[in-house]
Amino acid sequence: MSPLEQNLKKLQRYLGRYALDGIQHRIAGQDVKGSAGTFKSISPVDKSEICSVARGNAKDIDKAAQAAKSAFPAWRDMPSKERKAILIRIAEGIEARAEEIALCECWDTGQAWRFMSKAALRGAENFRYFADQISAARDGKHLKSPTLMNITTRVPIGPVGIITPWNTPFMLSTWKIAPALAAGCTVVHKPAEASPLTARLLVEIAEEAGLPPGVLNTVNGFGEDAGRALTEHPDIKAIAFVGESRTGSMITKQGADTLKRTHFELGGKNPVIVFEDADLERALDAVIFMIYSINGERCTSSSRLLIHESIREEFEAKLIVRINNIKVGHPLDPSTEIGPLINEEHYKKVTSYFNIAKEDGANIAAGGDKIGETGYFVRPTLFTGAHNSMRIAREEIFGPVLTSIAFSSEDEALQIANDSPYGLTGYLWTNDLTRALRFTDKLEAGMIWVNSENVRHLPTPFGGIKASGIGRDGGDWSFEFYMEQKHIGFALGNHKISRLGV
Ligand code: NAD
């Protein structure tokens with residue numbers, strides 16, 4: 001049996017359980033049917049139905065919010081050692097079921113096994129990391145004044161809503177859920193309608209690890225009903241959202257009446273800038289990896305290549321050879337590098353840019369077409385001869401599509417890089433240290449890597465500026481979002497109190 005056939009066989013075994021009842025919500029430790037009926041989860045590999053999924057609405061969200069509210073005091077007050085032990089057991093549960101998580105994720109999203117098998121394990125790392133931070137999460141400062149001993153302490157904000165997208169959904173949801181639970185918050189999770197499978201696995205693993213019922217609740221459904229109701233619910237104190245910039249702006253409006261605290265990780269059109277003095281072989285590897293891995297469905301992907309005009313021709317020529325060699329195929333085949341795009345709507349969006357590029361006057365130097373009709377497969381694509389004013393340089397395509405733009409000077413590269421509504425990541429390739437310092441100082445992005453692809457280190461702040469987000473994940477920044485600072489001042493003696501009405 002080939003590795004693909006072996007993976008398919010295992011997948012069938014894992015999917016068997018959904019045949020009868022599909023995926024239900026999980027609220028207060030119980031399976032709950034959707035008040036708005038069901039919807040179908042479709043595999044992008046062959047457009048087949050995977051299972052039915054409970055479709056939630058405001059009624060289901062209310063039930064989940066009540067469960068999260070009731071579970072909050074006991075979870076908040078549970079000794080940190082015990083909460084830590086539960087989070088560690090969740091990490092162990094993820095590791096034990098990493099194969100199931102990865103296979104289901106590949107089938108549900110079209111992501112290649114080579115990346116998803118690692119992403120599942122990164123989910124476990126997220127739980128371990130935040131479990132380790134629990135003991136210090138509530139620590140504060142003492143800030144003595146002449147008359148007062150001032151202390152600060154941090155307390156969890158309350159039940160929170162977490163709304164996640166469909167790209168690497170398991171790993172991304174653990175990024176949010178692990179610190180929220182570590183902070184002492186309870187959670188209502190609304191996973192993306194396009195990728196519901198692994199959210200179900202996560203809540204199951206968490207309950208098996210001893211997470212009390214109601215601490216993590218999962219409500220499936222669409223953004224406009226379940227998602228919206230979550231952002232409007234008065235008992236939900238904060239919304240951590242990962243998704244498109246325009247959805248972030250809708251959530252700001254929806255949460256206004258209940259003064260919702262929000263944390264947004266949104267879209268990007270990230271530049272990778274390659275100077276003539278860079279290590280061009282390493283730059284080539286990184287440029288390719290950062291746009292064609294994870295199907296290019298990655299917020300931090302470097303979708304704009306800014307290349308110095310003196311090396312443009314040679315660099316693009318090498319790029320084309322490598323792109324044409326990338327293996328597009330079945331996501332469960334371990335040799336596959338690019339799988340199908342998530343769904344029909346997104347496939348139409350991504351492929352529409354092939355014509356947009358031509359209309360705008362760019363060249364399609366590689367790819368630019370669909371593959372077959374059975375699933376949502378596209379060829380990895382390179383647009384050359386582009387200008388930053390073109391739609392292919394301004395809009396987030398969110399697929400394996402790279403736009404190459406030439407520059408002639410450092411100033412011009414910086415101007416092009418910053419001329420974007422987004423500001424998530426930037427990647428710089430140069431061996432000139434002072435140029436790197438100058439350039440990164442002025443580059444408008446929340447995260448920048450010099451002579452490197454994106455390498456996530458959990459203690460560092462993750463997030464974007466401009467239309468790419470508000471707030472940061474990672475390290476103590478995560479706790480700042482899920483917790484409230486409190487100040488308490490103790491009088492040191494009988495200081496003078498102004499007397500009125502004497
Ligand atoms: P999306 O905004 O369409 O959906 C994300 C989630 O929001 C889904 O669960 C959806 O149901 C929900 N939603 C939609 N409308 C809503 C509403 N009105 N109220 C409440 N919830 C609503 O995004 P997507 O297409 O699923 O994901 C792709 C996007 O996510 C891309 O733009 C990508 O860049 C971004 N993303 C950003 C990061 C980051 O860290 N910055 C990470 C991953 C993905």
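Author: First the term: a disulfide here is a pair of cysteine sulfur atoms within 2.5 Å. Keep in mind that the model is predicted.

Reader: Fine. How many disulfides does the structure hold?

Author: The count is 0. Cysteine 104, for one, has the sulfur of cysteine 106 as its nearest cysteine sulfur, and that is 9.2 Å away. The cut-off is 2.5 Å, so cysteine 104 is in no disulfide.

Reader: Is cysteine 104 buried or exposed?

Author: Buried, because its relative accessibility is 0%.

Reader: And cysteine 299, what's its relative accessible area?

Author: For cysteine 299 it is 18%. Buried means under 20%, so cysteine 299 is buried as well.

Reader: How many bridges between strand 6 and strand 24?

Author: Strand 6, residues 148-156, pairs with strand 24 over 9 bridges, in the antiparallel sense. In one of them, methionine 149 has phenylalanine 490 of strand 24 as its partner.

Reader: Now helix 10. Which residues in it are buried?

Author: Helix 10 spans residues 245-254, and Ser245, Gly248, Ile251 and Gln254 are buried there.

Reader: What covers the buried residues of helix 10?

Author: The cover includes helix 9 (223-232) and several strands: strand 7 (160-163), strand 10 (238-242), strand 11 (261-265) and strand 19 (422-423).

Technical notes
Residues are numbered from 1 along each chain as its sequence is written. This is a predicted model: local features need pLDDT of at least 70, side-chain atom pairs count only at pLDDT 80 or more; totals for chains, interfaces and linings use all residues. Side-chain values use heavy atoms; hydrogens and water are left out. Buried means under 20% relative accessible area, exposed over 50%, partly exposed in between (1.4 Å probe, protein chains only). Two strands pair if DSSP finds at least two bridges between them. Helices (H or I, at least four residues) and strands (E, at least two) are DSSP runs, numbered from the N terminus. Contact means heavy atoms within 4.5 Å.
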